[in-house]
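Please keep the sequence and the 3D view at hand.

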Amino acid sequence: MTVDLRAERQDLIERIRASTELSDERILNAFANVPRHEFLSEAQRSIAYEDRAVPLDEGQTVSQPSMIAIMLSELECDVGHRALEVGTGSGYAAALLGQLVAQVYGIELRPALAARARVSLERAGATNVHVVTGDGTRGLPEHAPYDRILVSAAPARIPDALIEQLAVGGRIAIPVGNEHSQTLVVGHKTSPTDVEWRRTFPCIFVPLVGG
Ligand code: SAH
(Lines give C-alpha, C1' and ligand atoms only; values in the text may rest on other atoms or scores of the structure.)
Protein backbone atom coordinates (compact mmCIF):
# COMPACT_ATOMS: atom_id res chain seq x y z
CA MET A 1 0.00 0.00 0.00
CA THR A 2 1.34 3.42 -0.88
CA VAL A 3 0.59 6.16 1.55
CA ASP A 4 0.35 9.66 0.18
CA LEU A 5 2.59 11.48 2.62
CA ARG A 6 2.11 14.81 0.90
CA ALA A 7 -1.59 14.56 1.67
CA GLU A 8 -0.79 13.63 5.29
CA ARG A 9 1.50 16.66 5.58
CA GLN A 10 -1.24 18.87 4.18
CA ASP A 11 -3.65 17.53 6.84
CA LEU A 12 -1.05 18.30 9.50
CA ILE A 13 -0.77 21.86 8.21
CA GLU A 14 -4.55 22.28 8.42
CA ARG A 15 -4.48 21.03 12.01
CA ILE A 16 -1.66 23.45 12.90
CA ARG A 17 -3.53 26.28 11.21
CA ALA A 18 -6.69 25.47 13.15
CA SER A 19 -5.10 25.01 16.58
CA THR A 20 -2.63 27.91 16.47
CA GLU A 21 -4.45 30.38 14.19
CA LEU A 22 -1.09 30.91 12.48
CA SER A 23 -1.29 32.29 8.97
CA ASP A 24 2.42 32.73 8.21
CA GLU A 25 2.72 30.83 4.94
CA ARG A 26 6.50 30.53 5.23
CA ILE A 27 6.12 28.58 8.46
CA LEU A 28 3.25 26.42 7.18
CA ASN A 29 5.23 25.72 4.00
CA ALA A 30 8.16 24.55 6.10
CA PHE A 31 5.89 21.80 7.48
CA ALA A 32 4.96 20.86 3.91
CA ASN A 33 8.64 20.62 2.94
CA VAL A 34 10.07 18.67 5.88
CA PRO A 35 9.28 14.91 5.92
CA ARG A 36 8.69 14.28 9.64
CA HIS A 37 8.60 10.50 9.14
CA GLU A 38 12.32 10.60 8.25
CA PHE A 39 13.05 11.74 11.82
CA LEU A 40 11.13 8.94 13.54
CA SER A 41 11.88 5.28 14.10
CA GLU A 42 10.08 2.75 11.85
CA ALA A 43 7.63 1.91 14.62
CA GLN A 44 6.49 5.53 14.95
CA ARG A 45 6.15 6.39 11.30
CA SER A 46 2.43 5.70 11.09
CA ILE A 47 1.80 8.58 13.53
CA ALA A 48 4.37 10.93 11.98
CA TYR A 49 1.77 13.44 10.81
CA GLU A 50 -0.36 13.59 13.93
CA ASP A 51 -0.01 16.82 15.83
CA ARG A 52 1.61 15.39 18.92
CA ALA A 53 4.99 14.79 20.49
CA VAL A 54 6.42 11.36 19.62
CA PRO A 55 8.79 9.32 21.82
CA LEU A 56 12.42 9.31 20.69
CA ASP A 57 15.22 7.12 22.11
CA GLU A 58 16.71 7.67 25.56
CA GLY A 59 13.48 9.00 27.08
CA GLN A 60 13.40 12.08 24.85
CA THR A 61 10.61 13.27 22.54
CA VAL A 62 10.24 14.74 19.08
CA SER A 63 8.45 18.04 19.69
CA GLN A 64 4.78 18.57 18.83
CA PRO A 65 4.41 20.28 15.42
CA SER A 66 1.98 22.99 16.56
CA MET A 67 4.31 23.91 19.44
CA ILE A 68 7.27 24.19 17.05
CA ALA A 69 5.09 26.32 14.75
CA ILE A 70 4.30 28.73 17.59
CA MET A 71 7.96 28.97 18.61
CA LEU A 72 9.00 29.63 15.01
CA SER A 73 6.35 32.31 14.77
CA GLU A 74 7.60 33.99 17.95
CA LEU A 75 11.14 33.98 16.54
CA GLU A 76 10.19 36.05 13.45
CA CYS A 77 12.86 34.40 11.31
CA ASP A 78 14.40 35.87 8.17
CA VAL A 79 16.14 34.10 5.27
CA GLY A 80 19.44 35.80 6.11
CA HIS A 81 19.59 34.65 9.75
CA ARG A 82 22.00 32.28 11.46
CA ALA A 83 20.26 30.24 14.11
CA LEU A 84 21.08 27.92 16.99
CA GLU A 85 18.82 25.13 18.20
CA VAL A 86 19.59 23.75 21.65
CA GLY A 87 18.32 20.18 22.17
CA THR A 88 18.26 18.99 18.57
CA GLY A 89 17.03 15.47 19.40
CA SER A 90 15.69 13.94 16.18
CA GLY A 91 16.63 17.00 14.11
CA TYR A 92 13.01 17.68 13.07
CA ALA A 93 12.66 21.17 14.56
CA ALA A 94 16.15 22.07 13.28
CA ALA A 95 15.09 21.05 9.77
CA LEU A 96 11.99 23.27 10.00
CA LEU A 97 14.11 26.16 11.25
CA GLY A 98 16.47 25.49 8.34
CA GLN A 99 13.58 26.23 5.96
CA LEU A 100 13.29 29.75 7.39
CA VAL A 101 16.89 30.89 7.89
CA ALA A 102 20.27 30.64 6.12
CA GLN A 103 22.18 28.42 8.57
CA VAL A 104 21.22 26.33 11.59
CA TYR A 105 23.61 24.96 14.19
CA GLY A 106 22.02 22.29 16.34
CA ILE A 107 23.51 21.17 19.62
CA GLU A 108 22.51 17.84 21.18
CA LEU A 109 23.82 16.40 24.44
CA ARG A 110 23.28 12.72 23.66
CA PRO A 111 25.80 11.47 21.04
CA ALA A 112 23.59 8.67 19.70
CA LEU A 113 20.72 11.10 19.07
CA ALA A 114 23.07 13.61 17.42
CA ALA A 115 24.41 10.89 15.12
CA ARG A 116 20.93 9.79 14.15
CA ALA A 117 19.81 13.39 13.60
CA ARG A 118 22.67 13.91 11.12
CA VAL A 119 21.53 10.89 9.11
CA SER A 120 17.87 11.99 9.17
CA LEU A 121 18.76 15.55 8.16
CA GLU A 122 20.77 14.27 5.25
CA ARG A 123 17.90 12.02 4.11
CA ALA A 124 15.57 15.00 4.39
CA GLY A 125 17.93 17.12 2.29
CA ALA A 126 18.50 19.69 5.05
CA THR A 127 21.96 20.72 3.90
CA ASN A 128 22.05 23.99 5.90
CA VAL A 129 21.68 22.28 9.31
CA HIS A 130 24.83 21.22 11.19
CA VAL A 131 24.57 19.11 14.34
CA VAL A 132 27.21 19.26 17.08
CA THR A 133 27.33 16.97 20.12
CA GLY A 134 27.68 18.90 23.37
CA ASP A 135 26.10 20.65 26.34
CA GLY A 136 23.89 23.44 25.01
CA THR A 137 23.67 25.17 28.39
CA ARG A 138 27.02 26.65 27.29
CA GLY A 139 25.61 27.52 23.89
CA LEU A 140 27.89 26.94 20.92
CA PRO A 141 30.49 29.73 21.14
CA GLU A 142 32.44 28.71 18.02
CA HIS A 143 29.64 29.84 15.69
CA ALA A 144 28.19 32.71 17.79
CA PRO A 145 26.58 35.20 17.61
CA TYR A 146 23.17 33.89 16.53
CA ASP A 147 20.28 35.95 15.20
CA ARG A 148 17.80 33.41 16.50
CA ILE A 149 17.97 30.78 19.25
CA LEU A 150 15.36 28.03 19.62
CA VAL A 151 15.58 25.97 22.80
CA SER A 152 13.75 22.62 22.68
CA ALA A 153 14.28 21.48 26.29
CA ALA A 154 13.39 23.34 29.49
CA PRO A 155 15.95 24.71 31.98
CA ALA A 156 14.97 25.97 35.44
CA ARG A 157 16.57 29.28 34.50
CA ILE A 158 17.83 30.73 31.24
CA PRO A 159 21.55 29.97 30.73
CA ASP A 160 23.67 33.16 30.58
CA ALA A 161 25.71 31.75 27.68
CA LEU A 162 22.65 31.76 25.43
CA ILE A 163 21.96 35.42 26.14
CA GLU A 164 25.63 36.27 25.53
CA GLN A 165 25.65 34.39 22.23
CA LEU A 166 22.48 36.10 20.96
CA ALA A 167 23.22 38.92 18.49
CA VAL A 168 21.94 42.41 19.27
CA GLY A 169 18.50 42.57 17.62
CA GLY A 170 18.24 38.80 18.03
CA ARG A 171 15.40 36.72 19.47
CA ILE A 172 15.27 33.61 21.62
CA ALA A 173 12.35 31.27 22.37
CA ILE A 174 12.86 29.04 25.41
CA PRO A 175 10.63 26.95 27.69
CA VAL A 176 11.47 27.69 31.34
CA GLY A 177 10.37 25.79 34.43
CA ASN A 178 10.36 22.38 36.07
CA GLU A 179 8.83 19.09 34.92
CA HIS A 180 5.39 20.09 36.23
CA SER A 181 5.10 23.67 35.07
CA GLN A 182 6.81 25.49 32.22
CA THR A 183 6.24 28.72 30.35
CA LEU A 184 7.45 29.57 26.88
CA VAL A 185 9.57 32.70 27.31
CA VAL A 186 10.54 34.93 24.38
CA GLY A 187 13.46 37.36 24.56
CA HIS A 188 14.43 40.22 22.24
CA LYS A 189 17.99 41.50 22.72
CA THR A 190 17.74 45.25 22.25
CA SER A 191 21.33 46.19 23.20
CA PRO A 192 24.49 44.33 24.31
CA THR A 193 23.18 44.47 27.88
CA ASP A 194 19.38 44.52 27.52
CA VAL A 195 16.85 41.81 26.73
CA GLU A 196 13.11 42.45 26.72
CA TRP A 197 11.43 39.31 28.07
CA ARG A 198 7.89 38.19 27.45
CA ARG A 199 6.23 35.18 29.10
CA THR A 200 3.79 33.69 26.60
CA PHE A 201 1.92 30.48 27.55
CA PRO A 202 2.29 27.11 29.28
CA CYS A 203 4.18 24.30 27.55
CA ILE A 204 5.76 20.90 28.25
CA PHE A 205 9.31 19.95 27.20
CA VAL A 206 11.84 17.45 28.51
CA PRO A 207 14.36 19.03 30.91
CA LEU A 208 17.49 20.80 29.68
CA VAL A 209 20.14 18.98 31.71
CA GLY A 210 23.81 19.79 32.26
CA GLY A 211 25.33 23.19 32.96
N1 SAH B 1 13.72 19.56 18.77
C2 SAH B 1 13.83 18.16 19.11
C3 SAH B 1 13.39 17.96 20.52
C4 SAH B 1 14.10 16.85 21.19
S5 SAH B 1 13.75 16.68 22.93
C6 SAH B 1 13.03 17.34 18.12
O7 SAH B 1 12.15 17.93 17.44
O8 SAH B 1 13.27 16.16 17.99
C9 SAH B 1 15.01 17.72 23.62
C10 SAH B 1 16.42 17.28 23.42
O11 SAH B 1 17.23 18.10 24.26
C12 SAH B 1 16.74 15.84 23.81
O13 SAH B 1 17.21 15.17 22.69
C14 SAH B 1 17.84 15.97 24.87
O15 SAH B 1 18.85 14.99 24.76
C16 SAH B 1 18.38 17.36 24.59
N17 SAH B 1 19.10 18.01 25.69
C18 SAH B 1 18.78 18.01 27.00
N19 SAH B 1 19.69 18.75 27.70
C20 SAH B 1 20.58 19.22 26.78
C21 SAH B 1 21.74 20.04 26.85
N22 SAH B 1 22.20 20.53 28.01
N23 SAH B 1 22.40 20.32 25.71
C24 SAH B 1 21.98 19.84 24.50
N25 SAH B 1 20.90 19.06 24.37
C26 SAH B 1 20.20 18.76 25.49
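Directly after helix α3 comes E76, whose phi is positive, near 50 degrees. The model shown here is predicted. The helix itself, α3, is mostly covered, with nine of its 11 residues buried. These buried residues are P65, S66, M67, I68, A69, M71, L72, E74 and L75.

Helix α3 also takes part in the largest nonpolar core. This core has 47 residues, and those touching the most other members are F31, Y92, L96 and L97. Two or more residues come from each of α1 (5–20), α2 (25–33), α3 (65–75), α4, α5 (111–123) and β5 (129–133). Another core lies apart from it, made up of 18 residues, including Y105, I107, V185 and V206.

Leaving out residues up to four places away in sequence, Y92 touches L12, F31, V34, R36, F39, V62 and I68. One of these, I68, is among the buried residues of α3. Both F31 and Y92 are buried.

The aromatic rings come next. A pair of rings is described by how far apart the centres lie and by the angle between the planes. The structure has three aromatic pairs. In one of them, the ring centres of F31 and Y92 are 6.4 Å apart and the planes stand at 70 degrees; an angle over 60 degrees counts as edge-to-face, so this pair is edge-to-face. F31 belongs to helix α2 and Y92 to helix α4, so the pair ties together parts that are 61 residues apart in sequence. Ring pairs also bring in F39, giving a cluster of F31, F39 and Y92.

Where is empty space left in a structure? Rolling a probe the size of a water molecule over the atoms shows this. Here there is one cavity of 30 Å³ or more. The largest cavity holds about 40 Å³ of space. Its lining consists of F39, L56, G89, S90, L113, R116, A117 and S120. By class, that lining has four nonpolar, three polar and one charged residues.

The largest pocket has a volume of about 480 Å³. It is lined by 34 residues, and the closest to its centre are T61, S152, A153, F205 and V206. Elements that give two or more residues to this lining are β2 (61–62), β3 (82–86), α4 (92–98) and β4 (103–108). The lining has 18 nonpolar, 12 polar and four charged residues.

Q182 is found in strand β8, which covers residues 182–191. Is Q182 buried or exposed? Its relative accessible area is 5%, and buried means under 20%, so Q182 is buried. Neighbours within four places in sequence aside, Q182 is in contact with A154, P175, V176, G177, F201, P202, C203, I204 and F205. P155 is 27 residues from Q182 along the chain, and their C-alpha atoms are separated by 9.2 Å.

Definitions and conventions
Residues numbered from 1 in each chain as written. Predicted model: local features only at pLDDT ≥ 70, side-chain atom pairs only at ≥ 80, totals over all residues. Heavy atoms only, no water. 1 Å grid on protein atoms, 1.4 Å probe; cavity = no way out; pocket = protein on both sides within 12 Å on 5 of 7 lines; lining within 4 Å. Points joined across faces, edges and corners; volume = space filled by probe spheres on them. Helix = DSSP H or I, 4+ residues; strand = E, 2+ residues; numbered from the N terminus. Nonpolar A, V, L, I, M, F, W, Y, C, P; charged D, E, K, R; others polar. Core = buried A, V, L, I, M, F, W, Y, C linked by side-chain atoms within 4.5 Å. Buried < 20%, exposed > 50% of the residue type's maximum accessible area, 1.4 Å probe, protein only. Contact = heavy atoms within 4.5 Å. Phe/Tyr/Trp six-rings, centres within 6.5 Å; stacked < 30°, edge-to-face > 60°.
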